[in-house]
Amino acid sequence: MLLPKRGKRKGRRKDGPGGYGPLVAECDRVFSQVVRLSEAGPDGRVVCLTCGDRHPWTGLDCGHYVRRGKFATRWDRRNAGPQCTTCNRTRGGVPDTFAAKIDRRYGAGTAAALRQTAAGQAGNRTHPPQLR
């Protein structure tokens, strides 16, 4: 007896109708603005978390210590900071300096706790957590 072929698994897709992709993109956009604007001075300039250079807030990235692929820490404020494009994109986020700044700002062991939280997620990208 021949069994019918199984089609692709049906479920929520990231993009397209009913997908969560557009919602994630909007959350990323708003979170990025919050991170960068929360550290802007009266002149609208922000200090890069990793190199210390000053830039207009619109010219900086919202860098993440634990990469955004891990939803468990994606919108955790402790995991994000303003970074110049050189540090975030060209220098790969400068993770050692980023970790030191996180621990200095939020307490020793915070960077390790973020890594542990992300590792405990086990790559589950199907259900984004609530915003923190």
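This is a predicted model: local features need pLDDT of at least 70, side-chain atom pairs count only at pLDDT 80 or more; totals for chains, interfaces and linings use all residues.

**Overall chain**
- Of the 132 residues in the protein chain, 34% are buried, and the accessible surface comes to about 8600 Å², with 54% of that surface belonging to carbon and sulfur atoms.
- When contacts between residues at least 6 apart in sequence are taken together, 61% of them join residues at least 24 apart.

**Nonpolar cores**
- The largest nonpolar core has 9 residues, namely Leu 49, Tyr 65, Val 66, Phe 98, Ala 99, Ile 102, Ala 111, Leu 114 and Ala 118, and at least two residues of this core come from each of α4 (95-106) and α5 (110-120).
- A second, separate core has 8 residues, among them Tyr 20, Val 35, Phe 71 and Trp 75.
- Tyr 65, a member of the largest core, is in contact with Asn 79, Pro 95, Phe 98, Ala 99, Ile 102, Ala 111 and Arg 115, when its neighbours within four places in sequence are left aside.

**Asn 79**
- Asn 79 sits in the loop between α2 (71-74) and β4 (80-84), and Asn 79 counts as buried because its relative accessible area is 0%, where the cut-off is under 20%.
- A polar atom of the Asn 79 side chain lies 3.1 Å from the backbone oxygen of Thr 73.
- Beyond its neighbours within four places in sequence, Asn 79 is in contact with Gly 63, His 64, Tyr 65, Val 66, Thr 73, Phe 98 and Leu 114.

Conventions: Residues are numbered from 1 along each chain as its sequence is written. Side-chain values use heavy atoms; hydrogens and water are left out. Buried means under 20% relative accessible area, exposed over 50%, partly exposed in between (1.4 Å probe, protein chains only). Contact means heavy atoms within 4.5 Å. Accessible areas come from the Shrake-Rupley method with a 1.4 Å probe; for residues, only the protein chains shown count as cover. A nonpolar core is a set of buried Ala, Val, Leu, Ile, Met, Phe, Trp, Tyr and Cys residues joined through side-chain atoms within 4.5 Å. Helices (H or I, at least four residues) and strands (E, at least two) are DSSP runs, numbered from the N terminus. A polar contact is a pair of N or O atoms within 3.5 Å; within protein, one must be able to donate a hydrogen and the other to accept it, and residues adjacent in sequence count only if both atoms are side-chain atoms.
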